[in-house]
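User: I have a structure open and would like to go through its packing with you. Can you start with the aromatic side chains?

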Amino acid sequence: MRRLVLLLLACLNLLPLAAQSDPVFRIKVTMTGRSGDASFSSDLEIGYAPCAIWTGGSGGAMGSPAETLEKAGGLAALRVGMSLPFYAKTYIGSGRGSDGTSASVMTLGPGIALWKEWDKDNICERQTDASERPDYRQAARFTRTATGARIAQFDLGLVSAGLGGYIGCANPYAMTIDGQLVVKFCSFEITNEELAN
């Protein structure tokens, strides 16, 4: 599997919580692969916003992750060692298979996605269960470092036509490949200059 991943820091200085509507950063993953005789390609962009609750500890911070980020004045202003959990707020993507299948994902609401895959005879759909509170589930973690920041542990999104209904977000840590490669795949290092820009 080949990857091309782009990290888009959409807004390093957050708007006031009441006005915040856009994700803080976006991650775009483009993949190609093969399953048997069928090849596929997919593009998926996920926008991330601070979780409503702390996951994995708050490091002594009070309030929610979004409140902590607002009080700090943005991602670049977080103290070294501080980390924030983010949830997947928006989705947009599509997939194509050499066997004639297609796939797509669209955002229905904050953290709610509708995944579809179809061929000439069938359609497969999967929708996020809103009762599971997507904003309570960490989908990526931002950690401030001395040299900048690290975004890691993000979900690996798949919109993969040609795989017989295999659509949605997969847990990369459960895949049967080299664990160190998975960790490297699911991590971005950002410099202080990039944070300040």
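Analyst: Phe 25, Tyr 48 and Phe 86 form one aromatic cluster, where rings of Phe, Tyr and Trp (its six-membered ring) pair if their centres lie within 6.5 Å. Please keep in mind that this is a predicted model, in which local features need pLDDT of at least 70 and side-chain atom pairs count only at pLDDT 80 or more, while totals for chains, interfaces and linings use all residues. Residues are numbered from 1 along each chain as its sequence is written, and side-chain values use heavy atoms, with hydrogens and water left out.

User: How many aromatic pairs are there in the whole structure? And what is the geometry of Phe 25 and Tyr 48?

Analyst: Three aromatic pairs turn up in a search of the whole structure. The rings of Phe 25 and Tyr 48 are stacked, with 5.2 Å from centre to centre and 20 degrees between the planes; planes under 30 degrees apart count as stacked, over 60 as edge-to-face and the rest as tilted. This pair links distant parts of the chain, since Phe 25 sits in strand β2 and Tyr 48 in strand β3, 23 residues apart. Strands (E, at least two residues) and helices (H or I, at least four) are DSSP runs numbered from the N terminus.

User: Which residues touch the most other members of the largest nonpolar core?

Analyst: Those are Tyr 48 and Phe 86, in a core of 32 residues. A nonpolar core is a set of buried Ala, Val, Leu, Ile, Met, Phe, Trp, Tyr and Cys residues joined through side-chain atoms within 4.5 Å. Among the elements that give two or more residues to this core are β2 (25–35), β3 (38–50), β4 (83–97) and β8 (140–145).

User: Why is β8 largely enclosed? And what does β8 pair with?

Analyst: Five of the six residues of β8 are buried, so the strand is largely enclosed by the rest of the structure. Strands β4 and β8 run antiparallel and are joined by four bridges, with Leu 84 having Phe 142 in β8 as its bridge partner; two strands pair if DSSP finds at least two bridges between them. Strand β8 also pairs with β9 in the antiparallel sense, over five bridges. The two strands β8 and β9 form a hairpin with two residues between them, and Thr 145 stands opposite Gly 148 in β9.

User: Switching topic: where is Thr 55, and what is it in contact with?

Analyst: Thr 55 lies in the loop between β3 and α1 (65–72) and counts as buried at 17% relative accessibility. Leaving aside neighbours within four places in sequence, Thr 55 is in contact (heavy atoms within 4.5 Å) with Pro 85, Tyr 136, Gln 138 and Arg 141. Its side chain makes a polar contact with the side chain of Gln 138 at 3.0 Å. A polar contact is a pair of N or O atoms within 3.5 Å; within protein, one must be able to donate a hydrogen and the other to accept it, and residues adjacent in sequence count only if both atoms are side-chain atoms.

User: And how far apart are Thr 55 and Arg 137?

Analyst: They are 82 residues apart in sequence, while the C-alpha atoms are 7.7 Å apart in space.

Definitions and conventions: Buried < 20%, exposed > 50% of the residue type's maximum accessible area, 1.4 Å probe, protein only.
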